[in-house]
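Let us work through a few exercises together, with the solutions taken step by step. Keep the structure in view and try each task before you read on.

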Amino acid sequence: MAEEKHDESLSDEAEWSDDGVSSENEKVEESDSSEDEVAPRNTVGDIPLVEWHKDEEHIGYDIKGKKLKKQPRKDKLASFLEGADDPKNWRKIYDEYNDEEVELTRDDIRLIQRLISGRTPHAEVNPYEDYVDWFEYEDKGHPLSNAPEPKRRFVPSKWEAKKVAALVRKIRAGLIKAPDEPKEEEANYYLLWGDDTNSAENKKRINYIPAPKLKLPGHEESYNPSVEYIPTEEEINSYQLMYEEDRPKFIPRRYLSLRSVPAYDKSVKEMFDRCLDQYLCPRTRKKRINIDPESLKPKLPSRKDLRPYPTTCYLEYLGHAGPVNCISVDPSGQWLASGSTDGTTRMWEIETGRCLKVWEIGEAARQISWNPVADRPILAVVLEYDVLLLNSGMGDIDIQTKTKELLHVSEPGATEDAAVSWMQHEKHDGIRIKHFKAVSSIEWHSKGDYFTTVVPTFKRDSRAVLVHQLSKKNSDKPFRKLPGIPVTAVFHPSKKIFFVATKRFVQVYDLSKGQRIKKLETGVREISSISVHPGGDNLIVGSKEGKMCWFDLDLSTRPYKTLKAHSKDITRVTFHRTYPLFASASDDCTAYVFHSTVYSDLNQNPLIVPLEILRGHKAEHGRGVLDCKYHPRQPWLFTAGADSTIKLYCH
């Protein structure tokens, strides 16, 4: 295209006039008169045409006041085709002010070419003409000025004489001395990147500590480093998953030239940090021990050796219309009970996911717990102020006969202070235990006759923790006063020990002696759930700040290990009855599975290994997984979420 335009320009410039003389040799007569200039059609003046006339059909007015219509715009394809057919199209330019195309003349092109080449616009002008001295010096008998010379040019200056006399007096008085001969300065050489710890000046100081040296630049700091120093996109994305202190401070990039390198945006901050290191931060000598960091890491077994444990979602139980607050598994491992805010309590068959029974209670179920004895298919459901004991209907005729006898109240009874009242529930053929305030949790004893309820109330209120006996339809207050507001309470699996969790501590009581034997200091802001190991010597505590504390009751009253696993509140922690597993559920829509081996040797610490993060629930109104329970025989985990679903995770 460039060669075609050049040929066209030569052909146009080589045109001949009528008198046979080439147009290149013609001299254009120029005029300085303003009358020869062509006035513009548009008379609106110097205004932004594009902005002011953007929505108008005209661009301005002519000298007679008529509107200048906008010319129809050509698309790029039409302009390209027109330019291909017209050999003089390269001469045309668009005049935005007058909205028209103007064809450049040969004189205009010649003027532009001279400007581009760095010459004067007009060929008649010679910028290097000879200098003309307009003043004539020859045959001139008189100088430019005929004034006589002044007298002061011939008389010595008195002021200079006074100045010299004053300097002589100062020299004689010794006030002014001659400058000494300059001594040759010894060259002071030092190593720019060397160590100044052995210098003579620094040895005079007491306990001198040199400033830390900057790291010398390497190949990766080059503006055009080798390919092996430039990270890939996957490596750059992996940097975002690291902690901020572990991320590389500088990511190498390649530039074509040093001129293309931008300014370093962190230079001011790094220089400020350097000044802090050198001047403001105190430096002390520390004895460092060379230890391999890998040797400090605990030697954990492989996850393959710790199987089986739940990893994938196998089954979903759908049917609730609201968030599922609680779940409980039958001791035989065949049935699952769930309570929801939709006012129903359901019983499911675990292997098929079929809903067998629905209790229309009409109130939201807060907690639910199955009796741990297989011969007593009784389900305890915590409503707001009541605890409802229901007959699940499972078992043979003899079991059902005994269950109905247990769930029969002949005469309604109440405690002396009216904290609890037992009454018959005619609709569901069960027992309703009415409390004086809202109940937060319920837990059964391993023998199935006793269960405890927690009623968070005022501090030191003896009615906050109650122990109920199902066979005698009796309720008792085991403590005269409590040191704090209780959150939950559990029984020891084999001993007569009772655990009561307040907001920050776990109180351990001996029921046979009726006194406190230990006080576990969790160090968390607020406890949400606790669970006792089947062996009875270990305890885990979940908090509302996402931390879990493992307590070895034989070791100390402080946590043996604190795990920061979840980003939100932990809603439930639970141990497996037979497998060395425990799990935690949280409002961040995840459930964590851990391996926990407790050794019989007291000199060996428990082994805790994180195994799996189970996801699948969706957040609803800021809540995630509300409850989790293990299967009593299989390494299966059930989770209940705020999204109205129950999930079964298997190995």
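## Exercise 1: The largest nonpolar core

In the largest nonpolar core, which has 20 residues, the members that touch the most other members are V387, L389, I431, I433, F451 and L470. A nonpolar core is a set of buried Ala, Val, Leu, Ile, Met, Phe, Trp, Tyr and Cys residues joined through side-chain atoms within 4.5 Å. Buried means under 20% relative accessible area, exposed means over 50%, and partly exposed lies in between (1.4 Å probe, protein chains only).

The model is predicted: local features need pLDDT of at least 70, side-chain atom pairs count only at pLDDT 80 or more, and totals for chains, interfaces and linings use all residues. Residues are numbered from 1 along each chain as its sequence is written, and side-chain values use heavy atoms, with hydrogens and water left out.

**Task.** Find which strands each supply at least two residues of this core.

**Solution.**
- Step 1: The strands are β11 (378-382), β12 (386-391), β14 (420-425), β15 (430-435) and β16 (441-444). Helices (H or I, at least four residues) and strands (E, at least two) are DSSP runs, numbered from the N terminus.
- Step 2: β11 gives the largest share, three residues.
- Step 3: For background, nonpolar side chains tend to be buried together in soluble globular proteins.

## Exercise 2: Around F451 and H445

**Task.** List what F451 is in contact with, leaving aside its neighbours within four places in sequence.

**Solution.**
- Step 1: Contact means heavy atoms within 4.5 Å.
- Step 2: With those neighbours left aside, F451 is in contact with L389, W422, I433, I442, E443, W444, H445, L466, V467, H468 and F491.
- Step 3: Now turn to H445, which has its place in the loop between β16 and β17 (450-454). H445 counts as buried because its relative accessible area is 18%.
- Step 4: Leaving aside neighbours within four places in sequence, H445 is in contact with P372, Y450, F451 and F491.
- Step 5: From H445 to Q469, the C-alpha atoms are 10.0 Å apart in space, and the two residues are 24 apart in sequence.

## Exercise 3: Aromatic rings

**Task.** Describe the aromatic pair that Y317 and F638 form.

**Solution.**
- Step 1: The structure holds 11 aromatic pairs. Rings of Phe, Tyr and Trp (its six-membered ring) pair if their centres lie within 6.5 Å; planes under 30 degrees apart count as stacked, over 60 as edge-to-face and the rest as tilted.
- Step 2: Y317 and F638 are 6.4 Å apart centre to centre, with 45 degrees between the planes, and the pair is tilted.
- Step 3: This pair links distant parts of the chain, with Y317 in strand β5 (residues 312-318) and F638 in strand β33 (residues 637-641), 321 residues apart.
- Step 4: Y317 is buried because its relative accessible area is 0%, and F638 is buried because its relative accessible area is 0%.
- Step 5: Elsewhere, ring pairs link W550, F575, F582, Y592 and F594 into a cluster.

**Task.** Where does the charged end of R463 sit?

**Solution.**
- Step 1: A charge sits over a ring if NZ of Lys or CZ of Arg is within 6 Å of the ring centre and within 35 degrees of the ring normal.
- Step 2: The charged end of R463 is over the ring of F436, 4.1 Å from its centre.
- Step 3: K519 lies over the face of F505, at 4.1 Å from the ring centre.

## Exercise 4: Backbone angles

**Task.** What is the peptide bond from R307 to P308, cis or trans?

**Solution.**
- Step 1: Most residues other than glycine have a negative phi, and most peptide bonds are trans.
- Step 2: The bond from R307 to P308 is cis, with omega near 10 degrees. P308 lies in the loop between α9 (293-296) and β5.
- Step 3: D429 is not glycine, yet its phi is positive, near 55 degrees. D429 has its place in the loop between β14 and β15, and it is partly exposed because its relative accessible area is 43%.
- Step 4: K473, also not a glycine, has a positive phi of about 55 degrees. K473 is found in the loop between β18 (465-469) and β19 (474-476).
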